[in-house]
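Good morning, and thank you for making time for this presentation.

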Amino acid sequence: MNQFLMDFIRTERLNRKMKQSDLAEIIGVRNSSISNYENGTSTPDIDTLIKICGVFGYDFREILGEAYGTNVPGTDFSIKPSEISILKDIRSLDEKGQAHIIAVIRHELERLREIEETKSDSIFVPIAAHEMKTPLEKSSTLADDVAEIVKKSKK
C-alpha cells in the first residue's frame, strides 16, 4: 500500500483520538481492515477511501493526488499537490530569491551526480574526514551563482 495513505489514515485517526474500531464502525468495515490499511497489508477500495476522507474532512481527490500524483497531460511527468504548493512559493519570490533556489537545486543535482559517479567507479578510495571539503569549498559554482545574483540585484 502507498505509504502516504497508510500514514494519512493512522495520523488522522489518532489526531481525532479514535480507536481503529471507532473508525471501522463509522465507515462500515471490520476492525481488522483499519489495521490492515494502516500497516500496508491491504488498501481501501475507492468507496471506502471516500468514506475515510469524509470522516476526516478531506476531499478524496486531494488525498489520491497527494498519494499518487497528478499526471501532466502529454508528458510522463506527475506532480503532487504539495509540490505544486512549493512551486507557488518559489514563484512568489523575487528574482533574487528564485535565482538562489535554482542555484541550490543545481548544486544539489551536481552533488548527487558526483555521488553516482563515485558509486559507479570500480575503485573506491576513502578519504579521511579532515580531507573532505564542504560543498562550497569543493565547488565554487554555487558561490559564483549567488555572487552573480547579488551583483545583478545591485544594478
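Directly after helix H2, Gly-28 adopts a positive phi of about 80°. Please bear in mind that this is a predicted model.

Let me stay with H2 itself. Its buried residues are Leu-23, Ala-24 and Ile-27. They cover an arc of only 100° around the axis, which puts them on the same side of H2. On the face turned away from that buried side, H2 carries the exposed residues Glu-25 and Ile-26. The cover over the buried residues of H2 includes H1, H3 and H4.

I turn now to H1. This helix runs over residues 3-15, and its 13 residues reach 18 Å from the first C-alpha to the last, close to the 18 Å expected at 1.5 Å a residue. After H1 comes Lys-17, whose phi is positive, near 55°.

Which residues of H1 are buried? They are Leu-5, Met-6, Phe-8, Ile-9, Glu-12 and Arg-13. Because they cover an arc of only 165° around the axis, they are on the same side of H1. Their packing partners are helix H2 (20-27), helix H3 (31-39), helix H4 (46-56) and helix H5 (60-68).

As a general point, nonpolar side chains in soluble globular proteins tend to be buried together. Here, the largest nonpolar core has 15 residues, and those with the most contacts inside it are Phe-8, Ile-9, Leu-23, Ile-34, Ile-52 and Phe-56. H1, H2, H3, H4 and H5 are the elements that give two or more residues to this core. The largest share, 4 residues, comes from H4.

Leaving aside neighbours within four places in sequence, Ile-52 is in contact with Phe-8, Ile-9, Ile-27, Tyr-37 and Pro-44. Cys-53, in helix H4, counts as buried because its relative accessibility is 1%. Not counting residues up to four places away in sequence, Cys-53 touches Phe-8, Tyr-58, Phe-60 and Ile-63. Cys-53 and Phe-8 are 45 residues apart along the chain, and their C-alpha atoms are separated by 9.6 Å.

I come next to the charged residues. The count of salt bridges comes to 6. Arg-10, Arg-13 and Glu-38 are linked in a network of such bridges. Glu-38 pairs with Arg-10, the closest N and O atoms being 3.9 Å apart. That pair links distant parts of the chain, with Glu-38 in helix H3 and Arg-10 in helix H1, 28 residues apart. Glu-38 also forms a salt bridge with Arg-13, where the closest N and O atoms are 2.6 Å apart. Glu-38 lies in helix H3 and Arg-13 in helix H1, so this pair ties together parts that are 25 residues apart in sequence.

Finally, Arg-111 and Glu-108 meet in a salt bridge of 2.7 Å, N to O. They are 3 residues apart in helix H7 (residues 95-120), and so are separated by about one helical turn. Arg-111 counts as partly exposed at 33% relative accessibility, and Glu-108 counts as partly exposed at 31%.

Definitions and conventions:
Residues are numbered from 1 along each chain as its sequence is written. This is a predicted model: local features need pLDDT of at least 70, side-chain atom pairs count only at pLDDT 80 or more; totals for chains, interfaces and linings use all residues. Side-chain values use heavy atoms; hydrogens and water are left out. The expected span of a helix is 1.5 Å times one less than its number of residues. Buried means under 20% relative accessible area, exposed over 50%, partly exposed in between (1.4 Å probe, protein chains only). The arc is that of the directions from the helix axis to the C-beta atoms. Contact means heavy atoms within 4.5 Å. A nonpolar core is a set of buried Ala, Val, Leu, Ile, Met, Phe, Trp, Tyr and Cys residues joined through side-chain atoms within 4.5 Å. A salt bridge is a side-chain nitrogen of Lys or Arg within 4 Å of a carboxyl oxygen of Asp or Glu.
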